Amino acid sequence: MKTDKSVKETAINMPEIKSDDKAKAPLLNSSKAIAVTVEQPNRGSKKGIASGDFVLRLFAMGAALGAAVTMGNNQQILPFFTQFIEFLAQYNDITTFVYFVTANAAVAGYLFLSLPFSVICINRPLATTPRLVLVIFDTVMMGITITAASASASMVYLAHNGNQNTMWLPFCQQFGNFCQTASGAVVGSLVAGTFLMFIIILSAFALK
């Protein structure tokens, strides 16, 4: 009779151990499934943001480079001159325009060098270190672009309208092509600064 009880007890205990193991397995699998489903949408959205960042960098680089080249080639010679005097207007006659060309050329060079880091963010959308580095430098370059465009815009305004209080006469009536070219370059620089602002906003969403 003792042997029968021991056999019955073992027969009763064995199914309880197997039932516990079977109950734990689905819980582990379900937790992994939840982790995968949460990670995939987050990775896809950040990859889309990184792709948009790359495209905006190309546009900003083109705008900054175009502004620098346009202002750097800006000059006008008036059709009338004397034996000793030639009426010539060049961008390097105004220090603000020299800073404008230097700043926009530097921003265009930075944007070109930042393209590989943008590609890294596309391939590794969950990486935060390259994105954080880009945000810091993008902010600095946006500030440089906006300051250069704002300072040059004030000079273009004075060239068009002058200033009666300081007796600065407008010279765009004589050098009309020079002023129009300078105005176009300033607009291009402002466009580049706007693109950089959108890049920073996208980077902020990606870091979030």
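**A helix and its partner**

Modeller: The axes of α3 and helix α4 (residues 176-207) come within 8 Å and cross at roughly 155°. Those axes are lines fitted to C-alpha atoms over the stretch in contact, with angles running from 0 to 180 degrees between N-to-C directions; the helices are DSSP runs (H or I, at least four residues), numbered from the N terminus. This is a predicted model, where local features need pLDDT of at least 70 and side-chain atom pairs count only at pLDDT 80 or more, while totals for chains, interfaces and linings use all residues. Residues are numbered from 1 along each chain as its sequence is written, and side-chain values use heavy atoms, leaving out hydrogens and water.

So α3 and α4 are roughly antiparallel (angles over 145 degrees). Where they touch, the residues split into 20 nonpolar, eight polar and two charged; Asp, Glu, Lys and Arg count as charged, Ala, Val, Leu, Ile, Met, Phe, Trp, Tyr, Cys and Pro as nonpolar, and the others, Gly among them, as polar.

Now zoom in on R131, which sits in α3 (residues 129-161). R131 is buried, at 4% relative accessible area (buried is under 20%, exposed over 50%, partly exposed in between, with a 1.4 Å probe and protein chains only). Skipping residues up to four places away in sequence, R131 touches A50, D53, C121, S203, A206 and L207, contact being heavy atoms within 4.5 Å.

M155 is also in α3, but M155 is partly exposed, at 27%. Beyond its neighbours within four places, M155 contacts I94, T96 and F97.

Definitions and conventions. Helix = DSSP H or I, 4+ residues; strand = E, 2+ residues; numbered from the N terminus. Parallel < 35°, antiparallel > 145°, perpendicular 65-115°, else oblique.
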